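These are my notebook entries on one protein chain, set down in the order in which I looked things up. The structure comes first and the entries follow.

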Amino acid sequence: MPLSSYIGGSSNPRRGWAHSLLPSTKSSKHRKTRRRAAVKDFLTANFFAVGLSVSLLLFISIIYKYGVPRPLSSPFVSDASGRGGIVRLKSKVAYRKPVDHGGGVASVDITTKELYDKIEFSDVDGGPWKQGWRVTYEGNEWDSEKLKVFVVPHSHNDPGWKATVEEYYDRQSRHILDTIVDTLTKDKRRKFIWEEMSYLERWWKDAPNDKKEDFTNLVQSGQLEIVGGGWVMNDEANSHYFAIIEQIMEGNMWLHDTIGVIPKNSWAIDPFGYSSTMAYLLRRMGFENMLIQRTHYELKKELALHKNLEYVWRQSWDAEETTDIFVHMMPFYSYDIPHTCGPEPAVCCQFDFARMHAFVYEQCPWRENPVETKPENVRDRALKLLDQYKKKSTLYRTNTLLVPLGDDFRYVTIDEAEAQFRNYQLIFDYINSDPSLNAEAKFGTLEDYFRTLREETDRINYSRPGEAGSSQIGGFPSLSGDFFTYADRQQDYWSGYYVSRPFFKAVDRVLEQTLRSAEMMMAFLLGNCQRALCEKFPTAFSYKLTAARRNLALFQHHDGVTGTAKDHVVQDYGIRMHTSLEDLHIFMSKAIEVLLGIRQERNDQFPSLFEPATVRSKYDAQPVHKALGAREGTVQSVVLFNSLEQTSNEIVMVTVERPDVTVLDSNWTCVKSQISPELQHDSSNMFTGRHRVHWKASIPAMGLQTYYIANGFVGCEKAIPARLKVHGSDHLPCLAPYTCSKVEGDTIEIGNHRQTLTFDVKLGLLQQVTYKDGTKSVIGEEISMYSSSGSGAYLFKPNGDAKPIIQVNGHMAVIEGPFMQEVYSYPKTEWEKAPISHSTRIYNGDDTIQQFFIEKEYHVELVEYQFNDKELIVRYNTDIDNQGIFYTDLNGFQMSRRETYDKIPLQGNYYPMPALAFMQGSKGQRFSVHTRQSLGVASLKNGWLEIMLDRRLTRDDGRGLGQGVLDNHPMNVVFHILLESNISTSNPTSDPHPLNPSLLSHRVGSHLNYPLNAFIAKKPQEVSVQPPPRFFSPLTASLPCDLHIVSFKVPQPIKYSQQLFEDPRFAIIFQRQQWDTSYCRTARSDCVSVADEPVNLFNMFKGLVVLNAKATSLNLLHEDTEMLGYGEQSEDIAQDGHVLIAPMELQAYKLDLRPNQ
């Protein structure tokens, strides 16, 4: 996504600093004594002993004061070929026995929290470099080590933004790839980098064989480097780590299969802020280096002042340096050419030769445009450009400099590419021909740059005294933390995109969990298959499964899941996801027949007996529950799939047409159940006329269980009707078979044996929670709106504080039953049709996760013009003394500590919330909100936690999109709220490190984000026909509660039948969750075990033999676990099958499965 050039001047002089390369010590005077002669004799007699003692003491004092010096040599062995080979560590990573649930704490030189504490955020005008200072240099900085400049041509190709991915491909991207091949083959000195595999795969289908051969040769020779190599350049705020892994894996595996290379350098110039989760995932995929661009301009300035723009990124829990990855942060405003050659954009723009009059791009806004380089002007042009290079070089520690050369969709034509390559080569030739300039400039790739930089740091120690750095590359500081929330100028914080297009953010997560479930079913089908005939059904679906992976991957693009594309592009993403959801549901509906033994082999000629219990009529429609309509004397099957690793005991619900039903389990045993009316967002009639039946189900880990909904089954109690209470809707008739009454008093309560919820009847909002021991917690639910005349798809710029919108005397319905109790509120607002209604539910079930949490479901309809330039929030005004400290998740993988700063505007104190946010008080009370879709969250006052639900905006915010956000859709937002008290009294406000969720909190999050997949029989059957028990239980036992299976799949189903028997055809990825042990009392109440002891992969599956197991990288392409930073235990998996994982770690394994004969 491009940005308009940022014009401005600056006057801050650059502040100098000095540093020595090696530690130094101060001399001290010897103490005089009166017995000089005796001392003299003693020293003479014991000269060597005294000298040795003094040296030892001096050595110890140096170590004490400055720490252990950094090694002068790099622990990496460089790949001299420069062709994308993998760099390996010289020494083994020490194995850390994974027993500490709390995890370690990283020792680093810089944390982003410390940067935020230090920076004043005063936005001082810096002159030509508006957000920095007037950069100068002495001129002798390159006398001993010349400046080595790598100019890296690139073209940023958004897979959807203002045009769809297909439109961009047809208009620009296919021409760009043609141009790259044609221009690079003309001159071996030319280089280029490419990132997005979505476009390359599409081009590969169309390109003639000679073009593909040239492309491959360019990659193999090092002229062309594939950087990142994901399907897209993913967003890092909203994307879940499952989807990030999927999209990189999809791109990397296609690239490896097609061209035979594996990327090792990441290039992320356009995501709007950066997550430390991404650094971790890349490290565990075998990447060595990262490049990032869009970080807060004040952070860039602070890092540049101290030459810390290049650093080693380390995870906050990593005390062993196993997660370290080297990072280059670009220093200036944008990644376009005016903001990459040096600190003065007016000068740099003169060297963007595609802006000359012959081309279509806008001319330089500083009114000095590029001119053709000729013999008569080459000296002046070269010196002018070299001056920028040298100024930029002073912001970094080494004399190896990276200068990107590109912009969005550049190098479309050969003439454009030739203009850049031709003019720059003339300038390079001049610079390189004059030894007095102490510089060498040439085209390069990221690999050229990082390899040369590492070679320089092997020779020269750039470490600072006392700097912890990293054992993996010397000379640079270590850093932990993330880079949210991004601001590109003034008080323009990019926190709006955390919430833009929330409907599709929700669809994204549904597609994720559906794909994960379908992949599991595919793996079980093929794993249990003994002959080629039964492979036909799953492998026939391979193409649609691949399409589903790619449609999910495509939406992770930083203008996809962010909600920052044009309306028709959002529609294109939505249709792709909807199509894949339908395909996956059809496959799963058929797969369960085979897994349950209804049919031994699936023939696609016959229709499925089942269909999903919830369906969408089109890409932008809400999911609707299909109602079972079993007539008298019939039953209808309900099949539930549990994709989690533990047996799931939970209250489940299906919708029925008639209330007089009975629930039976797989053995046709009576199951107690509850019937209640279905509700809807309609003040005139809150009831749809259909009914919901709830019962307690038990589904095997990663397995299937069948239940039956019967009508007229003799010998079983019918579903128990719920009791109804109504407020504000006196005209509503009481539905049969329910008993109805009016809500009396100012408050109403619902509860289970653990907690009681109290509501304000007039406002319909949750007030407080009372526990069984009599203690209380204030919730103080509030629904409010911001008015925002400056907000857009990217930016959140409110006009002051949010105002409450709920007025007294709305409509309320209370449902009370043995399994589920609910308060539904359709509030009164100043608008005739309220933009929101909401339900609060609490469940009864002794051994269920649901008994612990409060379920909030908000139905949001911000679809009318009355809500233009409004942003809707829910706020919980609790009694927790959090002092502005709260915690949000990063990509559903780890937590980050947040602090509300007065020196930052309201919008800058908003943070991404992909899955979880919590506050904790000084006495250990914790208030957690789990979400099943990514949103934005803040804690603007003590005890407050507010979450933005939707935003409707008429204006463009000046970041290139050219429109507002007016394509809102009705949607439901679901939260699981958890209130906990710990067994310690630690004060989190004084702890600068992230806190971890409890084990219970992890399980609540899994329950929300990986719900049961429900399927119902298309046709009822006669009660008299009693089938055998139908269930599928593939695991020998539930896995430990803190061991999560991220993915269990057949990576290449299309090639499944062609792969050799010896080749592992299955893959499984585990995550060991890190949890806060001070909340252990209720967290482990129904856990069989935690993962302190190894899990035996060989014995994990019933009836299946695990063969050829081996550890691999998260992209499934590397098997050198030492290089990946894994512990040594992962190397022994093939011998003993033991999986032992440290907290917070992800580990992947390849394996093969065969039926146990």
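This is a predicted model: local features need pLDDT of at least 70, side-chain atom pairs count only at pLDDT 80 or more; totals for chains, interfaces and linings use all residues.

**Entry 1. The contact of α4 with α12**

I began with the residues through which these two helices touch: T179, D182, T183 and L184 in α4 meet I414, A417, E418 and F421 in α12. By class, I noted four nonpolar, two polar and two charged residues in the contact of α4 with α12.

I then looked up the geometry. Helix α4 spans residues 165–184 and helix α12 residues 414–433; they pack at an angle of about 50 degrees, and their axes are 9 Å apart. Angles from 65 to 115 degrees would count as roughly perpendicular and those under 35 as roughly parallel; α4 and α12 are therefore oblique to each other. I recorded the crossing of α4 and α12 as right-handed.

**Entry 2. The contact of α4 with α5**

Next I turned to another partner of α4. Helix α5 covers residues 197–206, and the axes of α4 and α5 come within 10 Å and cross at roughly 75 degrees.

On the α4 side the contact is made by V165, E166, Y168, Y169, S173, R174, L177, D178 and V181, and on the α5 side by Y199, L200, R202, W203 and D206. I noted that these residues of the contact of α4 with α5 divide into eight nonpolar, one polar and five charged.

**Entry 3. Strand β12 and its pairing**

I asked which residues of β12 lie on its covered face and which on its uncovered one. In strand β12 (residues 439–443), A439, A441 and F443 form the covered face, while E440 and K442 form the uncovered one.

For the pairing, I found strand β4 (residues 147–156) joined to β12 in the parallel sense over five bridges. In this pair V149 stands opposite A441 of β12.

**Entry 4. E456 in helix α13**

I looked up E456, which is found in helix α13 (residues 446–459). Is E456 buried or exposed? E456 has a relative accessible area of 0%; buried means under 20%, so E456 is buried.

Leaving aside neighbours within four places in sequence, I listed E145, K148, T398, N399, T400 and Y462 as the contacts of E456. I also noted that E456 and G475 are 19 residues apart in sequence and 9.9 Å apart in space, C-alpha to C-alpha.

**Entry 5. Y116 in helix α3**

Y116 has its place in helix α3 (residues 112–118). With a relative accessible area of 6%, Y116 is buried. Beyond neighbours within four places in sequence, I found Y116 in contact with F121, H296, L299, F484, T485, Y901, K903, I904 and Y911. For one of these pairs I noted the separation: Y116 and Y901 are 785 residues apart in sequence, yet 8.7 Å apart in space, C-alpha to C-alpha.

**Entry 6. An open sheet of six strands**

I traced an open sheet of six strands in the order β35-β34-β40-β47-β46-β43, with antiparallel pairing. β35 (803–804) and β43 (911–913) stand at the edges and each has a single partner strand, so one side of each is left without a neighbour in the sheet.

**Entry 7. Strand β57**

How many residues of strand β57 (residues 1146–1155) are buried? I counted 10 of the 10, so β57 is largely enclosed by the rest of the structure. L1146, A1148, K1150, D1152 and R1154 point one way from β57, and Q1147, Y1149, L1151, L1153 and P1155 point the other way; all are buried.

I found two strands paired with β57. Strand β53 (residues 1066–1072) pairs with β57 in the antiparallel sense over six bridges, and strand β55 (residues 1104–1112), also running antiparallel, is joined to β57 by seven bridges. Y1149 in β57 stands opposite I1068 and is also the bridge partner of A1111.

**Entry 8. The chain as a whole**

The secondary structure of the protein chain comes to 21 helices and 57 strands, and 64% of its 1157 residues count as buried. Among contacts between residues at least 6 apart in sequence, 76% join residues at least 24 apart.

Key: Residues are numbered from 1 along each chain as its sequence is written. Side-chain values use heavy atoms; hydrogens and water are left out. Axes are lines fitted to C-alpha atoms, for helices over the stretch in contact, and angles run from 0 to 180 degrees between N-to-C directions. Helices (H or I, at least four residues) and strands (E, at least two) are DSSP runs, numbered from the N terminus. Angles under 35 degrees count as roughly parallel, over 145 as roughly antiparallel, 65 to 115 as roughly perpendicular and the rest as oblique. A crossing is left-handed if the near helix is turned anticlockwise from the far one by less than a right angle, and right-handed if clockwise. Contact means heavy atoms within 4.5 Å. Ala, Val, Leu, Ile, Met, Phe, Trp, Tyr, Cys and Pro count as nonpolar, Asp, Glu, Lys and Arg as charged, and the others, Gly among them, as polar. Buried means under 20% relative accessible area, exposed over 50%, partly exposed in between (1.4 Å probe, protein chains only). Two strands pair if DSSP finds at least two bridges between them.
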